[in-house]
Amino acid sequence: METQKTIANTGCGTVEGLIESGIYVWKGIPYARPPVGEFRFRAPVPHDAWEGIRPTKKYGATCPQIMALQIEPQSEDCLYLNVFSKDPNDKMPVLVFIHGGAFAGGSSSQYIYHGHNFAEIGIVTVTLNYRLGALGMFDFSEIDGDFVSNIALRDQTFALKWVHENIAAFGGDPDNVTIMGQSAGAISIVGLLNVPSAAPYFKRAAALSAFPNMFKTKEESLSSARAFLKFAGISTKEELLKISAKALTAKARHFMGSTERRFGLDYIMPAADGDFLPRLPLESAKDGADADVPLLMSYTNNETEVLFRLPGFSKIAYTELDALAKETSEYVAEFEEKYGDGISAKANIGRDLFIKVPTEWYAEYHCSRQKTWLYRFDYSSNLLKLFGIKSVHALDLIFLFKTFDNPLSNFVFLLDPSKKRIFELAARVQGAVAEFIRTGECPWEAFNESRHIKAFDASGDSLVELDTEINELWKRTRFYKDISTGGVPEKFNLSATASLAEPFKYVGIGEFNDCMINVIQAGARTLDFHKHENSDEMFYVIEGKMQIEFRHGTVDLSKGDLIVVPKGTEHRTIVKKSVKCMLIEKRGTLNPSNTGGEFPSE
């Protein structure tokens, strides 16, 4: 009788799982057709039906990894999920967990988040693989119209649809599904909250250590794909489909390693493509346009400390802080006053820049119409304290899933002779999250009510108040202004078409927050446009790119007056030229049918 319960019927056919430690487990269930051959770079489609009983007793292959987090089989044929259930004949709440790995690595079979322990407490748990790196994160739609953007998010949405249609056969309630992810998985959750086609398939969401502001614009995404194709020496659809997944992944690894900024990860982030993901999530949430569901968000207290202390990471981490200092130069003294000095202070700035502050902003927006909770994970093992990295990124997953019996956990807690307080903390963390999965409530005050954040630690839990001073400081930087201007950033990018040595091509007058501005194209590079309300400066040049600013008063923007300075010269040129008005769409997208003439030669 127990063996019969390992057999389940899905829309494509019958699957047979196994029993592990009293839990019914199905591993490697295909939720979509293998994305190989002509299906590479396309949206997922249903798997073909099969006859008979399909064994699902071992994990499916993970997508080829730019950076492997665990040794396991890799294949382009990777769209598989796993189900853990206490009783297939029951109707229990469902957790769908999306793994992290910076969209460059990771898999559903990593031992740090096996689903057994959630299944034991009556929560059917689903983990899934999705396409990564070069196979899932570049938008090659300019090569072929059948190639799509946001492949990873599309895979995840397709898996959620599969869960909705099939999970009842495994003891799950399709109308009580919580989606949860950590790191890149949490970025995915933030994305899925803003994907209209995903909304019918989940009732609540949890994003752990998310990077809500890491999403790209459509033009940035296309630009990343162009740059990769040029780097890889690929120019046609046929070449993209012919190259092996292994070779393509290797080229992506070298491509990402060619930059010192953010480990090259900016190249492979999801994008607001105006279609599948219509808008940047923070912008969408600010306008109350994201999914109207209860939300749980979290971060660890020392998310980025490891980047500043371990060789190989610290150089890039400090490069990021140098870039931040240049972009927020007017606030450097305040940052130093608030954060102090030293490695931990710099790591806290990194934590706040990428994870903590954007997470709190997203929670602030979302809680205006739905219950929202935040928690912070403070605990550090003795070994991690010794290394100086403390409550590091992803440490909370061991406690959330109670996965202590594996090589990683054994190493992390090597210098903790007594595990009693550790296990008690894990029970509190998992218990709180389980309550959210079951009921949509957490056992502490919602962020809507008090702006309190739950802090979990082995020495005792507490409620801490949102650091409003730090938040207000960040809100004065462009990182918040990019959001508060309704999605049109202070700095936006336009593709250039002419050489800097040639006359600039005049595109037209644009409208930017009710102010008329000029738009030009020049050089085989990107031009960065800045708009400064109170600036007396007419121009400057930085980082090898021509910068343009607009001076109010003596320059009549409504008539097309423009101040430009080519790179490497002190010459100032004022050109007056009236052309018909054109509207710049959000994020700097141009209407190509509305172009003007060329500047007169000097």
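Predicted model: local features only at pLDDT ≥ 70, side-chain atom pairs only at ≥ 80, totals over all residues.

Modeller: Let us start with Glu 424 and Lys 420, whose side chains meet in a salt bridge at 2.6 Å, N to O.

Biologist: Why is the contact between Glu 424 and Lys 420 called a salt bridge?

Modeller: The cut-off is a Lys or Arg side-chain nitrogen within 4 Å of a carboxyl oxygen of Asp or Glu. Glu 424 and Lys 420 have N to O at 2.6 Å, so the label applies.

Biologist: What separates Glu 424 and Lys 420 in helix 16?

Modeller: About one helical turn, because the two residues are 4 apart in helix 16.

Biologist: How many salt bridges does the structure hold?

Modeller: There are 25 salt bridges. One of them joins Arg 369 and Asp 292, with the closest N and O atoms 3.6 Å apart.

Biologist: What makes Arg 369 and Asp 292 a link between distant parts of the chain?

Modeller: Look at their places: Arg 369 is in the loop between helix 12 and strand 14, while Asp 292 is in the loop between helix 8 and strand 13, 77 residues apart. Arg 369 has 30% relative accessibility and counts as partly exposed; Asp 292, at 47%, also counts as partly exposed.

Biologist: How do you know that Lys 338 and Glu 469 form a salt bridge?

Modeller: Their closest N and O atoms are 2.7 Å apart, and the cut-off is within 4 Å, so the pair qualifies. Lys 338 lies in helix 11 and Glu 469 in helix 18, so this pair ties together parts that are 131 residues apart in sequence. Lys 338 is partly exposed at 34% relative accessibility.

Biologist: Which residues are linked in a network of salt bridges?

Modeller: Glu 142, Glu 219 and Arg 226 are linked in such a network.

Biologist: Now to the rings. How many aromatic pairs does the structure hold?

Modeller: It holds 27 aromatic pairs. Among them is Phe 335 with Trp 474, at 4.9 Å centre to centre and 85° between the planes.

Biologist: Are Phe 335 and Trp 474 buried or exposed?

Modeller: Buried means under 20%. Phe 335 has 6% and counts as buried, and Trp 474, with 1%, is buried too.

Biologist: What makes Phe 399 and Phe 413 an edge-to-face pair?

Modeller: Their ring centres are 5.8 Å apart and their planes stand at 75°, so the pair is edge-to-face. Phe 399 lies in helix 14 and Phe 413 in the loop between helix 15 and helix 16, so parts 14 residues apart in sequence are tied together. Phe 399 is buried at 0% relative accessible area, as is Phe 413 at 2%.

Biologist: How do you know that Arg 54 lies over the face of Trp 50?

Modeller: Arg 54 is at 5.1 Å from the ring centre of Trp 50. The distance limit is within 6 Å, and the direction must also be within 35 degrees of the ring normal. Lys 454 likewise lies over the face of Phe 456, at 5.8 Å from the ring centre.

Biologist: Which residues touch the most other members of the largest nonpolar core?

Modeller: Tyr 31 and Trp 474 do, in a core of 116 residues. Helix 12 gives the most to this core, with 11 residues. A second, separate core has 41 residues, including Phe 404 and Val 429.

Biologist: Where is Phe 411 found, and why is it called partly exposed?

Modeller: Phe 411 is found in helix 15. Its relative accessible area is 45%, between the 20% and 50% limits, so Phe 411 is partly exposed.

How values were computed:
Residues numbered from 1 in each chain as written. Heavy atoms only, no water. Buried < 20%, exposed > 50% of the residue type's maximum accessible area, 1.4 Å probe, protein only. Phe/Tyr/Trp six-rings, centres within 6.5 Å; stacked < 30°, edge-to-face > 60°. Core = buried A, V, L, I, M, F, W, Y, C linked by side-chain atoms within 4.5 Å.
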